[in-house]
Amino acid sequence: MEKFYLTTAIDYVNGAPHIGHAYEKILTDIIARHYTQRCDDVFFLTGTDEHGIKIQKTAAEKGITPKELCDENAQKFKDAWKALDVDYTKFIRTTDEEHEKIVQQIFNKLLEQGDIYKHSYEGLYCTGCECFLNPKDLTEDGLCPDHRKKPEVVSEENYFFKLTKYKDAIIKYIKEHPDFIVPEFRANEVINQLEDIQDISVSRAKSNVQWGIDVLGDEEQSIYVWIDALSNYITALGYDTENPSETFKKYWPADVQVIGKDILKFHSIYWPAFLMALNLPLPKHILAHGWITIDESKMSKSLGNVISPTSVLESFNLEHPDAFRYYMATSAPCGRDGNYSDEDFKEKVNAHLANSMGNLLNRTLSMLVKYFDGEVKPEFKGENPLAKKALGTVQIVKNHFDNFEIAEAGLEITSLVDAANKYVQDTAPWTLAKEEKMTECGQVLVNVLDVMCIIASLIYPYCPNIARDMARQLSFDLSTKLDDLTADNIKYGKLISKEDIKPVFLRLDSELADKSAKKS
Ligand code: MSP
């Protein structure tokens with residue numbers, strides 16, 4: 001694998017980030033970190049979607065300019081991703097000058113080659129979706145099914161994109177590439193939507209939408225926000241219709257584009273059509289994740305249950321975001337909806353990260369110190385009954401990641417931790433020590449520690465801080481590529497002293513956790 005290019009949806013900046021946005025960025029960051037363990041060159045793009053009527057209206061309500069609103073909120077997204085250790089390569093804003101220029105160029109190219117034409121139109125526009133809706137998709141009361149609002153009747157002369165021209169090619173592509181849309185069960189939905197697809201309006205009258213990129217040579221129209229937004233995936237790499245950059249040539253097509261299920265139509269129909277019109281290859285995979293609910297209800301401003309990711313970190317006094325990352329990433333199987341609840345969060349991370357994984361390392365290192373003064377002797381190395389399962393888990397985790405099954409991969413790691421715990425329970429090294437079977441006791445401890453190195457490596461994408469703490473105590477090189485992992489990781493000699501043993505994750509309700517977080 002030479003390179004891996006992955007992207008998230010770019011978020012609207014009419015509000016602050018919530019845990020639904022965070023879920024997507026965490027998933028993508030985990031995929032990115034996993035692939036850095038398999039290839040040297042990962043490019044991870046995220047950013048903000050800043051034009052359109054939604055932003056224009058919110059800014060007007062607040063009595064500020066759209067640009068002021070964008071600047072203020074884009075920063076909140078950046079701050080949130082920093083707090084969550086979402087380690088992107090580039091953050092694009094659709095108000096970036098370079099992006100705007102290329103979007104105009106793309107629009108004009110499509111216009112010149114006849115894929116875009118001008119046409120008078122009357123349609124129903126939903127501001128929430130930033131798109132025209134088909135009357136047959138409305139609820140019985142004539143509302144947008146997603147936003148529960150009445151769409152506006154818009155009558156304008158707009159530019160249209162010949163989506164119908166690409167319909168058959170897209171259907172063929174989806175059928176021939178069953179792994180293009182992940183999970184596969186969503187592909188049928190898309191094929192059904194494609195059946196009655198129409199050409200789409202790709203501009204809005206300036207009289208109605210001022211906050212958008214101008215159509216070059218037509219002052220009365222601004223470019224439709226979805227052409228603007230989708231293009232970010234290539235403008236961020238330096239795409240240019242005349243002279244694409246080396247970066248673009250290197251990274252495009254994307255290996256995976258991560259988005260929510262609500263915007264799959266835009267990514268699996270409109271986006272492929274635009275790319276086909278530009279004569280560019282399609283992304284290898286579109287991963288449509290499910291939605292996060294709060295205490296099993298849809299998150300919404302009107303219900304007052306919108307949770308910001310940083311408020312979770314603050315309310316639990318978390319020193320780093322690992323527990324939240326782990327919880328979110330394992331909240332739902334690939335493509336399914338997940339749920340957040342404070343109680344469940346606490347219970348799950350206490351069980352998995354503190355009791356199972358953290359305690360196992362802590363207990364094993366403590367025994368090594370107690371019985372052997374932290375020293376690993378050559379005779380402690382032998383046949384490791386956990387090795388097969390551990391190396392098998394590496395392979396299974398890789399396979400899950402190839403199918404973007406992040407939660408499923410997480411469960412495999414947990415199951416390896418459970419197996420190691422069971423091994424300690426069954427072999428009872430404390431009894432071996434009491435019986436003065438010191439070599440056997442040392443072997444058990446080193447077998448576990450060898451596997452803990454593999455666990456640190458596998459858990460790293462989810463919990464980078466915990467993994468680093470584990471690796472430090474094991475003197476293990478966390479930058480080891482997954483394919484270079486072996487079951488022989490612990491070196492001979494003094495591994496650790498008592499004072500260097502540190503719990504990698506404290507139970508959320510423990511007094512210690514409270515104190516240590518307050519200290520920082
Ligand atoms: N700006 C468009 C995307 C353009 S991509 C070229 C948009 N923005 S959004 O802010 O509404 O949503 C951004 C992403 O967050 C989308 O992928 C969306 O599915 C996701 N989520 C928004 N709310 C969510 C949940 N409650 N749960 C999980 N993801 C959710 O759409």
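User: Happy to start with S5: how many bridges join strand S5 to S6, and which residue in S6 is the bridge partner of Leu-124?

Analyst: Good place to begin, and keep in mind that this model is predicted. Strand S5 covers residues 116-126 and runs antiparallel to S6, with three bridges joining the two. Within S6, Leu-124 has as its bridge partner Leu-133.

User: In the open sheet that holds these strands, which are the edge strands?

Analyst: Four strands form this open sheet with antiparallel pairing, in the order S6-S5-S7-S9. An edge strand pairs on one side only, and that applies to S6 (131-133) and S9 (200-201). The edge strands are therefore S6 and S9.

User: Moving to strand S3, is it mostly covered or uncovered, and how many of its residues are buried?

Analyst: Strand S3 spans residues 42-49 and is mostly covered. Buried here means under 20% relative accessible area. In S3, the number of buried residues is eight of eight.

User: Which residue in S4 stands opposite Leu-45?

Analyst: S3 has several parallel partners, so let's go through them. Strand S1 (residues 4-8) is joined to S3 by four bridges, and strand S2 (residues 11-12) pairs with S3 over two. Four bridges also join S3 to strand S4, residues 90-93. In S4, the residue opposite Leu-45 is Lys-90.

Technical notes. Residues are numbered from 1 along each chain as its sequence is written. This is a predicted model: local features need pLDDT of at least 70, side-chain atom pairs count only at pLDDT 80 or more; totals for chains, interfaces and linings use all residues. Side-chain values use heavy atoms; hydrogens and water are left out. Buried means under 20% relative accessible area, exposed over 50%, partly exposed in between (1.4 Å probe, protein chains only).
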